[in-house]
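Here is a friendly walk through one structure, from its packing to its metal site. Have the viewer ready and follow along.

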Amino acid sequence: MTTELESSPHPITIQEHILNQQRTHATATGGFSWLLSGITQAAKIISASVRRAGILDVLGDAGDSNVSGEQQQKLDILANKSLEMCLGFRGNIGVIASEELNEPKVVPKSGASGKYVVIFDPLDGSSNIDVNVSVGTIFAIYERDTTGFNGFDAVADVLQPGIKQLAAGYIVYGSSTVMTYTTGNGVHMFTLDPSVGSFVLAFENIKMPETGKYYSVNEANYNSFPKGYQEYLKWCKTEEAGPYSARYIGSLVADFHRTLLRGGIFLYPPTAKAPGGKLRLTYEANPIAWLAEQAGGEANDGKMRILEKVPQSVHDRTPLVVGGKKDVARLMKYMEMYGDEDVPQASTKAATKATAKAVAK
Ligand code: AHG
Ligand code: MN
Ligand code: MN
């Protein structure tokens, strides 16, 4: 006879889930699970700050800019500190790198022996903080070269291609706080239950639909997208296409979260302002790309697979296309057709200007 306790549904916490995953690796020592629990701890601290942002004095500019020249928000700094604090004392992390740190940092207590490298975007979607729209945290974990052959070069430890990630994930502080992670064994999603402070399993082994009805892009930049992207976006608006609906939040983490669950495609192509793309390879594109692939989707830069790109610097940028297999494949057909052809052609530009002038009269 089963007791009431045995038959009642058991909420699986992220800690239990990570430990169960660990048991599938014969050589795992538990150190990796301990590290991941540092990330969940930081996520809870950041989530609490985001939820109380209008009450605490944490909204607005911090009055400084980061290495990419972008204004730092108070919450960017707070999130970065929370992660540094929660990871710095785990004892097994050698190096951390962050959007908000100019250079990778060797962790003071465990730098020489620390086996892992953690790279993160502490708060993604900064421009949305002050207007109560979803923001997030993105992270990637790698193994560190502790042989000393590269002279314990922290920068070299960070410049690994995404294909070498051991774990990746994100936390989205949306209508609820959700954490999604992979260790190369599927993609799993957890919801933070604020009443008990635990992340509880929501979906295991998520599979991204092969095609969806949303395209997601900052279309204000349309005029300077390479022609392949423009022609693809024109197709998205045709009857034959469905038609698609447009969705663009402006926080990669939130736009990707929707794409993962509902399917479709997210694009951040090269633009006149950011010819090499805007998003960062090491702490935005790589973790998102691996999650997408683990869920059966694809991610590339319009030419090659994101996970095979070798970063040249910590804050490298890249164009990003990520989404369901069929949606990405179609975009790639347009890219192959138009190659590197840039737009706008002078005649289109002149015509647009002339029309704008006439309308202004
Ligand atoms: P961050 O706030 O970490 O600097 O990231 C900014 C991002 C990313 O989340 C989003 O996809 C993109 O910038 C939006 O850029 P646009 O405002 O140019 O569309
Ligand atoms: Mn970001
Ligand atoms: Mn950020």
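The largest nonpolar core has 35 residues, and Ile39, Val118, Phe139 and Ile141 touch the most other members. A nonpolar core here is a set of buried Ala, Val, Leu, Ile, Met, Phe, Trp, Tyr and Cys residues joined through side-chain atoms within 4.5 Å. Helix 3 (residues 31-51) gives the largest share of this core, eight residues. Valine 118 is in contact (heavy atoms within 4.5 Å) with Leu35, Ile39, Leu87, Ile93, Val95, Ile96, Ala97, Ala140 and Ile141, leaving aside residues up to four places away in sequence. Another core, of 30 residues, lies apart from it, with Val172, Val253, Tyr268 and Ala289 among them. In soluble globular proteins, nonpolar side chains tend to be buried together.

A word on conventions: this is a predicted model, in which local features need pLDDT of at least 70 and side-chain atom pairs count only at pLDDT 80 or more, while totals for chains, interfaces and linings use all residues. Residues are numbered from 1 along each chain as its sequence is written, chains are lettered from A and ligands numbered from 1 in the order in which they are written, and side-chain values use heavy atoms, with hydrogens and water left out.

Now to the metals. Donors are N, O and S atoms within 2.8 Å of the metal (3.2 Å for Na, K and Ca); water is not among the atoms, so sites may look incomplete.

| Metal ion | Protein donors | Distance from the ion |
|---|---|---|
| manganese ion (ligand 2) | Asp121 (OD), Asp124 (OD), Glu284 (OE) | 1.8 to 2.1 Å |
| manganese ion (ligand 3) | Glu99 (OE), Asp121 (OD), Leu123 (O) | 2.1 to 2.3 Å |

Aspartate 121 bridges the manganese ion (ligand 2) and the manganese ion (ligand 3), which lie 3.7 Å apart. Because aspartate 121 sits in strand 5 (residues 116-124) and glutamate 284 in helix 8 (residues 281-294), the pair ties together parts that are 163 residues apart in sequence. Helices (H or I, at least four residues) and strands (E, at least two) are DSSP runs, numbered from the N terminus. Along the chain, the donors of the manganese ion (ligand 3) follow the spacing E-x21-D-x1-L. Glutamate 99, in the loop between strand 3 and strand 4, and aspartate 121 are 22 residues apart.

Buried means under 20% relative accessible area, exposed over 50% and partly exposed in between (1.4 Å probe, protein chains only).
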